[in-house]
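Welcome, and thanks for opening the viewer. Please load the model, keep the selection tool at hand, and we will walk from stop to stop together.

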Amino acid sequence: MKEIRIFSPASIANLSCGYDILGVCLDKIGDEITVRKTTKRGISIKKITGYELSNDISLNVAGLAASALLKNVKVNCGFEIDIHKGIKPGSGIGSSAASSAGTVYAINKLIGEPLSDNQLIYFASKGEIASSGTIHADNVSAVLMGGFTFVRNSSEKDFIKLDYPNDLVFSIIHPKIEIKTKDSRSIIKNQVSLNDMIQQSANLGALVHALNKKDYELIERSLDDRIIEPVRSILIPKFSEIKSSSIEAGALGCGISGSGPSVFSLCRGMDQAKIVSKVMKKVYDKIKLDYEIHLSKVNDKGIKIIDFS
Ligand code: HSE
């Protein structure tokens with residue numbers, strides 16, 4: 001294989017109580033990435049379309065992730081990368097993860113797949129430094145494994161794919177403002193109270209169990225973030241109104257998608273998600289704030305190959 005073109009999907013991280021450790025892979029929206037082998041060693045990003053980003057490999061998430069991978073495998077060629085961004089950077093639905101996970105996935109395919117999913121997640125997570133200032137594998141694990149994923153320990157490469165009900169649908173609203181992940185992380189407090197830590201851990205454990213047991217009422221009770229949401233939600237216009245009206249309209253829960261500004265509502269079934277998306281839209285229509293809305297089932301496969309030669 002000399003060249004491969006893939007679709008690398010968007011994702012939602014945190015899912016309320018799982019800051020940096022819980023993610024889910026979305027359908028349809030994503031980046032298209034082409035990687036080709038070159039005789040010249042090393043990595044170059046040839047083309048970025050869709051949105052403007054640096055193609056300097058030390059500043060671009062895909063370049064950082066690919067460099068981390070190449071330090072750990074022996075190859076006698078180089079790689080050229082073209083990225084068409086379908087996900088706006090700074091939207092909160094895993095724009096950087098789609099590019100970094102997609103790039104390491106494509107390179108692994110081109111070199112005969114010597115690396116496991118867990119190794120790819122580890123290398124892809126290094127890309128997040130460019131956008132977040134730190135490594136976190138919640139988004140990239142969801143993109144590379146599909147479905148709901150859990151990060152037990154990144155440096156030990158311990159990533160887990162969870163069981164979950166197959167009728168879950170996300171309604172996601174993206175207000176057209178940009179929140180940089182680095183900025184949104186910088187306002188989070190470094191210390192939390194013991195009481196908050198206890199309730200957050202209880203919610204997270206219960207959410208993982210509820211997904212596994214398809215216990216919708218427990219999902220509803222567990223989608224509760226005591227630590228991050230109260231701080232970050234001040235950056236998102238009308239967050240509490242969107243949340244309360246979504247839940248009133250039947251959503252199982254609602255929270256900040258990644259580092260925002262997107263907000264997700266988790267619903268049971270597409271019909272419910274459509275009803276919820278209408279009430280979410282209404283909140284921004286009222287204040288004339290421009291937005292995009294996405295309805296997405298859980299993407300269990302993750303990255304998809306479009307073609308190769
Ligand atoms: N877990 C990350 C955060 C996801 O919430 O900052 C965004 O990249």
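Select Arg152 to begin: this residue is partly exposed, at a relative accessible area of 44%. Here buried means under 20% relative accessible area, exposed over 50%, and partly exposed in between, with a 1.4 Å probe and protein chains only. Before moving on, please note that this is a predicted model, in which local features need pLDDT of at least 70, side-chain atom pairs count only at pLDDT 80 or more, and totals for chains, interfaces and linings use all residues. Residues are numbered from 1 along each chain as its sequence is written, and side-chain values use heavy atoms, with hydrogens and water left out.

Which residue does Asp158 form a salt bridge with? The partner is Arg152, and the closest N and O atoms are 2.5 Å apart. A salt bridge here is a side-chain nitrogen of Lys or Arg within 4 Å of a carboxyl oxygen of Asp or Glu. Side chains of opposite charge can pair when their charged atoms come close. Asp158 is partly exposed too, with a relative accessible area of 25%.

Next, pick Lys161 and Asp300, whose side chains meet in a salt bridge of 3.1 Å, N to O. Lys161 sits in strand E6 (residues 158-161), while Asp300 is in the loop between strand E10 (291-297) and strand E11 (304-308), so this pair ties together parts that are 139 residues apart in sequence. Helices (H or I, at least four residues) and strands (E, at least two) are DSSP runs, numbered from the N terminus. Both ends of the pair are partly exposed: Lys161 has 33% relative accessibility, and Asp300 has 36%.

For another pair, select Glu178 and Lys180, which form a salt bridge with their closest N and O atoms 3.4 Å apart. Glu178 is partly exposed at 45% relative accessibility, and Lys180 is partly exposed at 49%. How many salt bridges does the count come to? The count is 20.

Time for some helices. Show helix H2 (residues 95-110) and helix H4 (residues 138-145), whose axes come within 9 Å and cross at roughly 50°. The axes are lines fitted to C-alpha atoms, for helices over the stretch in contact, and angles run from 0 to 180 degrees between N-to-C directions. H2 and H4 are therefore oblique to each other; under 35 degrees counts as roughly parallel, over 145 as roughly antiparallel, 65 to 115 as roughly perpendicular, and the rest as oblique.

Stay on helix H2 and click Thr103, which is located there. Is Thr103 buried or exposed? Thr103 is buried, with a relative accessible area of 0%. Draw a distance to Thr34: the two C-alpha atoms are 8.2 Å apart, though the residues are 69 apart along the chain.

For a contrast, go to Thr39, in the loop between strand E2 (22-38) and strand E3 (42-49). Thr39 is exposed, at 79% relative accessibility. Its C-alpha atom is separated by 35 Å from that of Leu26, 13 residues away along the chain.

Finally, select Ile198 in helix H6 (residues 194-213). Ile198 is partly exposed, with a relative accessible area of 47%.
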